[in-house]
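Please keep the sequence and the model at hand.

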Amino acid sequence: MDNNRGFASRLGFIMSMAAFSIGVGNIWKFPYVVGNSGGGAFLIVYLAMVILVGYPTFLIEVGLGRSSGFSPIRGMQQLEKSKKTPWTMIGWLGALSVFIIVGYATMIVGGWTGGYIFKTISGSLQGLDADGISTAFSQYSGSNASLLFTLATYVLMWLCLNSGVKKGVEKVCSVLLPILFVIMIGLAIYSCVMPGGKEGLLWYIKPDFSKIDASVISAAATQVFFSIGIGMCCAFVYGSYISKDTNMTGSLALTALLDTTIAVLAGLICVPALFSFGIEPTTGPSLIFVTLPQLFNAMGSFGRIFGCLFMLCVYFAGFTSVLGGAESLVAILGDNTKRKRSQNCTIVVIALFILSIFFTRSFGTGFLSKIRILGMGLFDFGDFIASGICLTLGAILMLAYVLFRWGFDKFKEEINAGATGKIRIYDWMKPYFCIVLPIILIAVCYCIVRMYI
């Protein structure tokens, strides 16, 4: 095993795990899902789903990683004491899903968000109306400039990965995550005290229970799945980096709390500000790159500062997330080959950049923008394979392994190892893990698949 394997401290593990979970799903996706799903009604359901679905499934994935001591493919071989076990499918599905997701997420984080930081600073979008901003994004999204910013992000990623887990991934996450919190708290306070922001704040935090229906529940459960990163192999890998005496239940509870806090803060930044300037919060996926630039323009001279800080938040959150995903791929290669870590880092980054080129060129004026697979563009098809199939099936298989191979008692023993407080798995939870959670997880997976077909 790699001598650099593992985190330097429990705090480093929490920061790195939270940084992986906190990504574009929290700051890009969460605000527009809230806007499309009833504001406060969605928020209440979302918080419930974090507790009922997110945290328990998170424990399962990290627990499998810690028990095996390896990344998911070799880890499942280790748990089963066989190289030919079919349970390695968990690892293969996780590896494929994280490869695709990091490939397009780095395009969003590096290519789009990185570029829009400079567009916001330069004021190149000022004076444009909604149609002009939309056209500008269409022209930029698949351009060479977008690829250049994506490449720059991959160079930063390679430098961090090549420095090792402790000096690279852990240190970067431990620095960027506190900065992210400080900036977001400041922006949230400013947004809420803006004229008209109070109405947006009340809409966001005051639930209208009549709006809670199957679609809101489905949206909340799906968002939790994406936000925390359930079913990807990264949590499995990070679990393999921690020792048996680590308080895993408490650490992951804090991780889930940090992840949820960032998502809620993102909503506190966007919703009151949009209300303040009479812009609808129900604008969908185009919120950051089309709708928010309209908000920055409406804010006048301070719009550049507000917009730049918000885009930096998206970049910081997204970069630490894709860094964690890339680290899991490096770990998989390291556990299954005899190459040095530096070689594996280079292979992973080059392969991811090539994939990002294809995704980038499928947008705007890119030469792959007309390609359709099963009626979907290249980006949507890749996301369907990663999120709709690999990620969801992987999560179900991990739960199945706990129920049918480990058994609840061994699962409880593994999860509680190192636990020092009251946050732990108890015997009375067995019916929930064995009956209720499988039903909820299958329903959530069905909802995710239905998003695409």
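A pocket is defined on a 1 Å grid over the protein atoms alone, as an open set of points with protein on both sides within 12 Å along at least five of seven lines. A cavity is a set of points where a 1.4 Å probe fits but cannot get out. Lining residues have an atom within 4 Å of a point. Points are joined across faces, edges and corners, and a volume is the space filled by probe spheres set on them.

The model is predicted: local features need pLDDT of at least 70, side-chain atom pairs count only at pLDDT 80 or more, and totals for chains, interfaces and linings use all residues. Numbering starts from 1 along each chain as its sequence is written, and side-chain values use heavy atoms, leaving out hydrogens and water.

**Confidence**

pLDDT is the predictor's confidence in each residue, from 0 to 100. Its mean over the protein is 88, and 98% of the residues reach 70 or more. Helices (H or I, at least four residues) are DSSP runs numbered from the N terminus, as are strands (E, at least two). Confidence is lowest in α2, at a mean of 80, and highest in helix α15 (residues 341-360), at 96.

**Pockets and cavity**

The table lists volumes and lining classes. Ala, Val, Leu, Ile, Met, Phe, Trp, Tyr, Cys and Pro count as nonpolar, Asp, Glu, Lys and Arg as charged, and the others, Gly among them, as polar.

| Space | Volume | Lining residues by class |
|---|---|---|
| Largest pocket | About 1,100 Å³ | 27 nonpolar, 17 polar, four charged |
| Second largest pocket | About 370 Å³ | 17 nonpolar, one polar, two charged |
| Largest cavity | About 80 Å³ | three nonpolar, six polar, two charged |

The largest pocket has 48 lining residues, with Trp28, Tyr104, Ile108, Phe379 and Asp383 nearest its centre. Elements that give two or more residues to this lining include α1 (10-21), α2 (24-36), α5 (89-122) and α16 (378-406). α5 gives the most, with seven residues.

The second largest pocket, about 370 Å³, is lined by 20 residues, and Val50, Ile51, Leu52, Tyr55 and Pro56 are the closest to its centre. Two or more lining residues come from each of α3 (40-68), α12 (248-276) and α18 (430-450). The largest share is that of α3, at seven residues.

One cavity of 30 Å³ or more is counted. Its lining includes Lys119, Thr120, Pro293, Phe296 and Arg304. α5, α13 and α14 each supply at least two lining residues. α13 has the largest share, three residues.

**Core and surface**

A nonpolar core is a set of buried Ala, Val, Leu, Ile, Met, Phe, Trp, Tyr and Cys residues joined through side-chain atoms within 4.5 Å. Buried means under 20% relative accessible area, exposed over 50%, and partly exposed in between (1.4 Å probe, protein chains only).

The largest core has 161 residues, and Ile27, Met157, Leu180, Tyr238 and Phe310 have the most contacts inside it. Helix α14 (residues 302-336) gives the most to this core, with 17 residues.

What does Tyr238 touch? Leaving out residues up to four places away in sequence, Tyr238 touches Phe7, Phe13, Ser16, Met17, Phe20, Val169, Gly324 and Glu327. Contact means heavy atoms within 4.5 Å.

Is Ile439 buried or exposed? Ile439 counts as exposed because its relative accessibility is 56%. Ile439 sits in helix α18. Ile439 and Ser21 are 418 residues apart in sequence and 24 Å apart in space, C-alpha to C-alpha.
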